[in-house]
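Work through the exercises below with the sequence and the structure at hand. Try each task before reading its solution.

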Amino acid sequence: MNCKIFLALAAKLAVVTSLLIVPLKTTAWAKDQPFVVCAENQSYPPYSMGDKTTFPMKNPGILVEIIDASLKKNGFKAQFIRRPWKRCLKLIEQNKVDAIFPSIHLKEREIIGRYPYLPVRVSISNKPDPKRRLRRVTYSLFKRKGSEFDWDGTRFSNFNQSIGAPIGYAVVKKLKEDHNITANTRHLPTKGLALVAKAHLDAYIVESTVGNNLVKKHGLNDKLIKIEQPFASYDWYMMISHQFYNTDPQMADKIWTTLEQVRQEKMPKLIEHYNSLP
């Protein structure tokens with residue numbers, strides 16, 4: 001069977017199963033236990049700060065504050081843990097954490113966790129509800145100043161070495177499927193941008209705001225530029241584990257709806273606050 005067809009069928013089966021299975025634990029999720037949320041163990045300002053196993057108490061990041069406030073409104077105490085991104089994906093697949101963020105919707109990820117889908121009356125194709133996203137973001141290519149490498153929104157030109165991107169990211173899949181380019185995933189953004197500055201990579205793909213902040217933080221403004229045409233745009237979501245959703249689907253939906261409300265209420269002031277930090 002074609003691999004893409006198999007993944008699509010498996011994803012649909014996982015979603016249907018999550019609706020039909022009667023879970024072994026039929027009572028509501030115990031609120032006296034922490035709601036465990038996994039995020040990548042890298043500093044991606046302003047969305048997530050620091051690179052330790054948990055977030056700093058002060059100024060942990062915009063998305064951290066929104067998720068924490070949303071969970072508190074629903075009576076949960078958030079416990080944030082930080083791991084490499086592919087490890088977070090594995091942990092939610094194994095139901096060892098209750099949620100991960102930020103996750104872009106991919107059909108194959110429907111097997112490992114749950115997105116906030118649109119009601120069936122609105123969409124029968126398992127489309128996520130964009131109103132309940134964490135953030136709408138763009139991913140851009142950062143290249144060395146003076147480099148002839150370019151991207152016009154459709155195709156690459158003067159492509160000589162390789163394009164870097166974080167392992168496990170949706171842009172890696174997009175590069176391969178849309179352009180038959182295998183990304184160099186050996187380096188995380190800070191190291192990858194430094195290698196672009198040294199002409200060891202043609203470019204590096206990272207979320208635009210994160211990339212701008214990392215370039216500034218590491219003194220690369222005189223060496224790197226962001227290509228004007230974005231490479232891709234996505235919605236970021238908080239995925240919830242199948243185990244949590246199957247146990248208390250009403251609460252899972254309430255958490256996502258609260259995320260929407262808190263995001264609309266707090267995002268502008270949080271952006272202003274984090275932009276004012278040194």
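**Exercise 1. Find how many aromatic pairs the structure holds, then describe the pair of tyrosine 115 and tyrosine 237.**

Solution. The model is a predicted one, and it holds 17 aromatic pairs.

Step 1: Tyrosine 115 and tyrosine 237 lie 6.0 Å apart, centre to centre, with 85° between the planes. An angle over 60 degrees counts as edge-to-face, and this pair is edge-to-face.

Step 2: Tyrosine 115 sits in the loop between strand S3 (99–104) and strand S4 (135–144), while tyrosine 237 belongs to strand S10 (residues 232–240). The two are 122 residues apart, and their pair links distant parts of the chain.

Step 3: Decide on burial. The cut-off for buried is under 20% relative accessible area. Tyrosine 115 has 0% relative accessibility, so it counts as buried. Tyrosine 237 has 3% and therefore counts as buried too.

Step 4: Look for a cluster of rings. Phe149, Trp151, Phe156, Phe159 and Phe231 form one aromatic cluster.

**Exercise 2. Locate the disulfide and state which parts of the chain the pair ties together.**

Solution. Step 1: A search of the whole structure gives 1 disulfide. In general, a disulfide is a covalent bond between the sulfur atoms of two cysteines.

Step 1: Here the partners are cysteine 38 and cysteine 88, with an S to S distance of 2.1 Å. Cysteine 38 is in strand S1 (residues 35–40) and cysteine 88 is in helix H3 (residues 85–93), so the pair ties together parts that are 50 residues apart in sequence.

Step 2: Read the handedness. The torsion about the S-S bond of cysteine 38 and cysteine 88 is about -65°, so the disulfide is left-handed. Both cysteine 38 and cysteine 88 are buried.

**Exercise 3. Is glutamate 260 buried or exposed, and which side chain of opposite charge is nearest?**

Solution. Step 1: Glutamate 260 is part of helix H8 (residues 249–275), and it is buried.

Step 1: The nearest side chain of opposite charge is that of arginine 263, 5.2 Å away. A salt bridge needs a distance within 4 Å, and glutamate 260 has none.

Step 2: Leaving out residues up to four places away in sequence, glutamate 260 touches Lys131 and Arg132.

**Exercise 4. Summarise the protein chain as a whole: what does its secondary structure come to, and what share of its residues counts as buried?**

Solution. Step 1: The secondary structure comes to 8 helices and 10 strands.

Step 1: Of the 278 residues, 49% count as buried.

How values were computed
Residues numbered from 1 in each chain as written. Predicted model: local features only at pLDDT ≥ 70, side-chain atom pairs only at ≥ 80, totals over all residues. Heavy atoms only, no water. Helix = DSSP H or I, 4+ residues; strand = E, 2+ residues; numbered from the N terminus. Buried < 20%, exposed > 50% of the residue type's maximum accessible area, 1.4 Å probe, protein only. Lys, Arg positive; Asp, Glu negative; His and termini not counted. Contact = heavy atoms within 4.5 Å. Disulfide = S-S within 2.5 Å. Phe/Tyr/Trp six-rings, centres within 6.5 Å; stacked < 30°, edge-to-face > 60°.
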